[in-house]
Amino acid sequence: MKLLNRSLVYFSIALFLIMTVWAVIFYVNMLDEVYDSLDDGISNEELLIIQRAQKDTTILNHATFNERNYSIKEIDLQTAMKIKDVYKDTMMYMIFEEQMEPVRMLSTAFEREGKFYELKVISSMVEEDDLIENLFWSLVGLYIILVTSIILINNILLKKIWHPFYQILNQLKTYRLGKTKEIETIETNVSEFKELDMAVKELLNHTDETFNSQKQFIENASHELQTPLAIAINKIELLLDKNDLNEEQSVSIGQSLALLQRLTNLNKTLLLLSKIENKQFIEKEKVSLNEITQQIINDFQDFSEFKEIEINFTENGVLEAEMNPYLATIFISNFIKNAIVHNIPNGKVTVNISNSVLTISNTGKPEELDKEKIFNRFHKEHGEQNNTGLGLSIVKSIANLYNFKVDYTFDGQHCFKIEVK
Amino acid sequence: MKILVVEDEKELADVIVQSLEKEQFVLETAHNFNDALDKIIDYEYDCILLDIMLPGGNGIDLLKELKNQNKTSNVIIISANNSLDEKLKGLDLGADDYLTKPFHIAELNARIRSVLRRKSFNGENFIELANVKLDINNHAILVDKNEIPVNRKEFDILTYFMSNTNRMVSKNALAEHVWGDNIDQADDFDFIYSQIKNIRKKLKDNNAQIEIQSVYGIGYRLTEL
């Protein structure tokens, strides 16, 4: 739920409650005031009638109301003694309204020359149901007006006030670690937003620094490893070169050499990966992926023949890409090497190039690989040793760098499809 | 032949010196920029192995100094940095070759041999051992002056071996040299065996007085019979 709507819901509920309570209190108070004023009116009338009755005896015969608003009838002393001044609500037929309507009536008794009379004075009353209905509708009207104003105020004013917040939010949404260079400063006078902006900036800068130093760390570490590796490899080569070791010793030393070689490859690959991700391959040129693929297939020919793998290369189009030529070679050689290594004896590798797509499919394990994991660093299928587990992560990094789309599918053969934009 | 090894890492410099002494070179070392500069100014070297990152300065500046002094030494840059930029910069400034750490001794040796050959024989470029002669410029192998037909890979392999006579050449080093950098991702280097087999057969059939021996499955060694 949006912030604007949420505040609207709270406002509406609060207003509804406040207005209901207010309506009840208002109604009771108003009614009280109306009664008060009516009662005052009829009390006054009562006094006037009694005064008049002292002088004018004709009115003493009005036992019914008829066109008047009072009635007088003679009563005995006992009855008179019982009568106290009472105001009450009662119903009376109104000709105008053609129905029974509520009236306020004062009953009292007075004495004139030793005779006792009962006097009733009436006054037409507020129609309570009408009053409630009227009050209800005006309140509904007021409520609608208030809620509409709140919506308008929310939309216009609050949107304006929250604008910096949405700006910050948008920046965060589009922020990509290591890719977003500058975070714009939000122009606002609201101190909370200023603080938010500062906090966000600080956080992002810190994240960026950490990210960069980590990238730098991998690169530096790989660089630092080169020299000790060089010394170790060369010392072992020197030892083997002296030719004074027996076979067992030589084989053992040879195995160490092979391991160091693997370490070197791993190191080189890590270095390459961090260089790609640090965007150190800036130079671009138009490279023909057809030529590079052909070249790499030739380079790998002895290797594939030794592994008894047949490579079929078909060109249905010309595929060119604007990219770093070195990375182009790495990109394709990783795929082809991958297809040869993860294959079965007498297996096949099929490479196809069209005008926009390069597909490389190979026979291999009869089950589908985990799409989510194959491009992860150091992901290895079971039982693979002489493999850095970095080949496809490199491919992925290069693809990301140039916005190539790489897809893996399995239909008995493992198939990688590369869409070059 | 006099070679100067400019390398701040003493152990690496020592290994390089030890391995090259076997080739009858005269070797000197410098472990920092100023030592190297002094030696370059004072002496003449046939070949200088130059590390770029040095205490006290940058190897690239030594290259410039060499140029200023009109010295004709061959320079092979040895760097931990394999970026193309630095390679091109070094080669532009007159370096003859560029080798990235870590490298194989056989590779270093082959590179040194190659730059020295280019310089020594007035453009002619031959390697000779026993009755076998390699004509590098024409990609030809002559046994007793008869040319034997070889493909490019066989020629490259034999050139590499003949630059490393009596040295153990690991399969890995050979594969990288002949099949290119991409092949270093191969999980198994035994694929080079079929080419070795072909060369052995050709050498034997033509009565060449050299032989490629296997070294316990680790690599090979070329020796004179």
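The model is predicted, so local features need pLDDT of at least 70 and side-chain atom pairs count only at pLDDT 80 or more, while totals for chains, interfaces and linings use all residues. Residues are numbered from 1 along each chain as its sequence is written, chains are lettered from A and ligands numbered from 1 in the order in which they are written, and side-chain values use heavy atoms, with hydrogens and water left out.

The scores come out at ipTM 0.88 and pTM 0.69. Chain B has a mean pLDDT of 89, with 97% of its residues at 70 or more; pLDDT is the predictor's confidence in each residue, from 0 to 100.

Over all chains, the search turns up 26 salt bridges, each a side-chain nitrogen of Lys or Arg within 4 Å of a carboxyl oxygen of Asp or Glu. One of them pairs A:Lys73 with A:Glu118 at 4.0 Å, N to O. A:Lys73 sits in strand 1 (residues 70-75) of chain A and A:Glu118 in strand 4 (residues 115-124) of chain A, so this pair ties together parts 45 residues apart in sequence. Strands (E, at least two residues) and helices (H or I, at least four) are DSSP runs, numbered from the N terminus. A:Glu118 is buried at 14% relative accessible area, whereas A:Lys73 is partly exposed at 41%. Here buried means under 20%, exposed over 50% and partly exposed in between (1.4 Å probe, protein chains only).

In chain B, B:Asp51 bridges to B:Lys101, with the closest N and O atoms 3.4 Å apart, and both residues are buried. A network of salt bridges with shared partners takes in A:Asp241, B:Lys22, B:Glu23, B:Arg113, B:Arg167 and B:Arg221.

Then there is A:Asp197, in helix 4 (residues 191-241) of chain A. A:Asp197 is buried but has no salt bridge, and the nearest side chain of opposite charge, A:Lys201, is 4.7 Å away. (Lys and Arg count as positive, Asp and Glu as negative; His and the chain ends are not counted.)

Most residues other than glycine have a negative phi, and most peptide bonds are trans. B:Lys101 turns up again here, joined to B:Pro102 by a cis peptide bond with omega of about -10°. A:Asn403 has a positive phi of about 60°, and B:Asn207 one of about 65°. B:Asn207 is exposed, with a relative accessible area of 51%.
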